[in-house]
Amino acid sequence: MPDTTSSNLANRLDSIVGAGRVRAPVDREARAADMIVEPASVEEICEIVRMCEADRIALAPIAAARSLAGIRRTPVALGISMARLARVVAYEPDDMTVVAESGITVGRLNAAIADARQRLPVDPCNPSMTTLGALVGAAHAGPLRLSEGTSRDLLIGVRFVGHGGNLAHGGGRVVKNVAGYDLMKLMGGSFGTLGIVTEATFKVRPIPTDYCLAIVPYARAADAFAAAFILNDALPLSNLDILSPALAVRFEATGQFLLLAGFSGSPLEIGYQAERIHDLLVARGEILDGNAALSSYEMLRDIDFHSTPLAAQIAVPPAQLAQVLEACGNEIEFRAQAGSGVAQIFPSRERSPESSAETAARWREAARGVRGNLRLLAAAPAIRDSLEFFDTPNDGALALMRRLKAAFDPAGIFNPGCFVGGI
């Protein structure tokens, strides 16, 4: 039987990737993996996967480790850092497509294509820390999901290393290529349980000429949601968010709920929308433009729910979002993406393991009561064993998921136990 002790595993990895690229985890990585390897090529990843399959060594792709550090109950043996695979492979401004390795961050990718006044308009928390692999695997998205969709909507091609250390791909480099469509949907939001994404192809979009942000305070959440629905029906907004009082403090609002409505376009479009918002909200609040609007939007985008002791994301029909948040209880704070029916929530005070389980169950019941769903974004290590991180689907759907896992990962090494139903 092969020796899989830490020192022996490190020596074997050294023989694949070379000296100096196997290391101990640091900071959040320690909650996700016991050892980190930094391959510099897809071929090295393929060889690592073959070795791990032969010896049943659990592994997971690692970027900043925010997602896995928040939800893994125990670390996997080996974290595959994608930091050395971070190139823009191909960029076609006229076709508005970009191909890049999965280790590049969203921030670096957007900087690389900014001269053409284009961007990948998916806005996760701290884009400078979020790699394309994490964007796809953990289905990260931010306020712009209202107008731009999510990574699943923009992804048109993917390459990944799977069973047997084989390189697989789906889709292509042109927008009309739909080959492998189902494969891309499978990889999106799979949390590394089916393979290691090495390259992704995205549609990109023009950077708007101008961006403005209306910020309006309300004493009651119900009033903020009522105003949001009025705006959402009347205008093509870029983002539409409501913050609870504890999160609104960062915008210098005290004890109030904040409605933040972003809108983009040409100067003429901006002027029209600003006037309509002014009329619809009876001249309440203020409208920021220029750098003030962008910096406030970034502050909204970069609220980090992965660092809280307990946090979840709810997705429900937009018309039911206010009702569901109310049913979650008074002691929650939230960022509600009102036009999308999505909200990130956390308790206003720390909970015991028993209370955390009851709280999460109440949140989940509220979401499922309107045919929505909930997944936990993060939980403190002390309370993880008492929590279910994902909703459990019906028996037929769960059986299908298990068959897919068995087909894509028969050795059970890709981030095991970190998905729906313990997959």
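Guide: Start with β6, residues 97–101. This is a predicted model, where local features need pLDDT of at least 70, side-chain atom pairs count only at pLDDT 80 or more, and totals for chains, interfaces and linings use all residues. Residues are numbered from 1 along each chain as its sequence is written, and side-chain values use heavy atoms, without hydrogens and water.

Visitor: Why is strand β6 largely enclosed by the rest of the structure?

Guide: Strands are DSSP runs of E, at least two residues, numbered from the N terminus. Buried means under 20% relative accessible area with a 1.4 Å probe, protein chains only. β6 is largely enclosed because its buried residues number 5 of the 5.

Visitor: Which residues of β6 point the other way from Thr97, Val99 and Glu101?

Guide: In a regular strand the side chains alternate between the two faces of the sheet. Thr97, Val99 and Glu101 take one side, and all are buried. Also buried, and pointing the other way, are Val98 and Ala100.

Visitor: Which residue of β6 does valine 88 stand opposite?

Guide: Two strands pair if DSSP finds at least two bridges between them. β5 (residues 88–92) runs antiparallel to β6, with 4 bridges. Opposite valine 88 stands alanine 100.

Visitor: Which residue takes a positive phi in the hairpin of β5 and β6?

Guide: This hairpin has 4 residues between the strands. The positive phi, near 60°, belongs to methionine 96.

Visitor: What is the bridge partner of glutamate 101 in β10?

Guide: β10 spans residues 196–203 and pairs with β6 in the antiparallel sense, over 5 bridges. The partner of glutamate 101 there is glutamate 199.

Key
Buried means under 20% relative accessible area, exposed over 50%, partly exposed in between (1.4 Å probe, protein chains only).
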